[in-house]
Amino acid sequence: LSHPVYLSGGVEATLQEIVDIVRKLLPDVDISFTDAPETYPHVIRADGRRIAADLGYELPPLEGRVRDHINEARRDAGMAEID
């Protein structure tokens, strides 16, 4: 490898875009913000260019990662996973 450290980076998404994904996966979910979602900062200072170039690794799509996170929380709570 050509670098001692690699970051997998992330996908730039607003909180509203993430809420839209969660609502697509869980239509009955109640999500609210104390302020408008666009007022919450979302700063990404790392990206995955090195790991993509050197190892060919790219993060799975954001919707799948959100689904995985929801399913992990549901498993921990003894609930059925979502598809």
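Q: How do you know that the length of helix α3 agrees with its number of residues?
A: In this predicted model, helix α3 covers residues 62–76, which is 15 residues, and at 1.5 Å a residue it should span 21 Å. The C-alpha atoms at its ends are 21 Å apart, so the two values agree.

Q: Why is N71 called buried?
A: Buried means under 20% relative accessible area. N71 has 5%, so it counts as buried. This residue sits in helix α3, where L62, V66, I70 and R74 are buried as well. Leaving out residues up to four places away in sequence, N71 touches E81 and I82.

Q: Why is V29 called partly exposed?
A: The label partly exposed belongs to values between the 20% limit for buried and the 50% limit for exposed. V29 has a relative accessibility of 29%, so it counts as partly exposed. You can find V29 in the loop between α1 and α2 (49–55). Neighbours within four places in sequence aside, V29 is in contact with V22 and R23. Its C-alpha atom is separated by 9.6 Å from that of V19, which is ten residues away along the chain.

Q: What covers the buried residues of α3?
A: The cover includes α1 (15–25). On the α1 side, I18, I21, V22, K24 and L25 take part, and they meet L62, E63, V66, R67 and I70 in α3. By class, this contact has seven nonpolar, no polar and three charged residues.

Q: What describes the way α1 and α3 cross?
A: Two packed helices are described by the angle between their axes and the distance between the axes. Here the axes of α1 and α3 come within 10 Å and cross at roughly 60 degrees. The crossing in which α1 passes α3 is right-handed.

Q: What makes up the largest nonpolar core?
A: A nonpolar core needs buried residues of the listed nonpolar kinds, joined through side-chain atoms within 4.5 Å. The largest such set has eight residues: A13, I21, V22, L25, L62, V66, I70 and I82. Helices α1 and α3 each supply at least two residues of this core.

Terms used
Residues numbered from 1 in each chain as written. Predicted model: local features only at pLDDT ≥ 70, side-chain atom pairs only at ≥ 80, totals over all residues. Heavy atoms only, no water. Helix = DSSP H or I, 4+ residues; strand = E, 2+ residues; numbered from the N terminus. Expected span 1.5 Å × (residues − 1). Buried < 20%, exposed > 50% of the residue type's maximum accessible area, 1.4 Å probe, protein only. Contact = heavy atoms within 4.5 Å. Axes fitted to C-alpha atoms, helices over the stretch in contact; angles between N-to-C directions. Left-handed = near helix turned anticlockwise from the far one by under 90°. Nonpolar A, V, L, I, M, F, W, Y, C, P; charged D, E, K, R; others polar.
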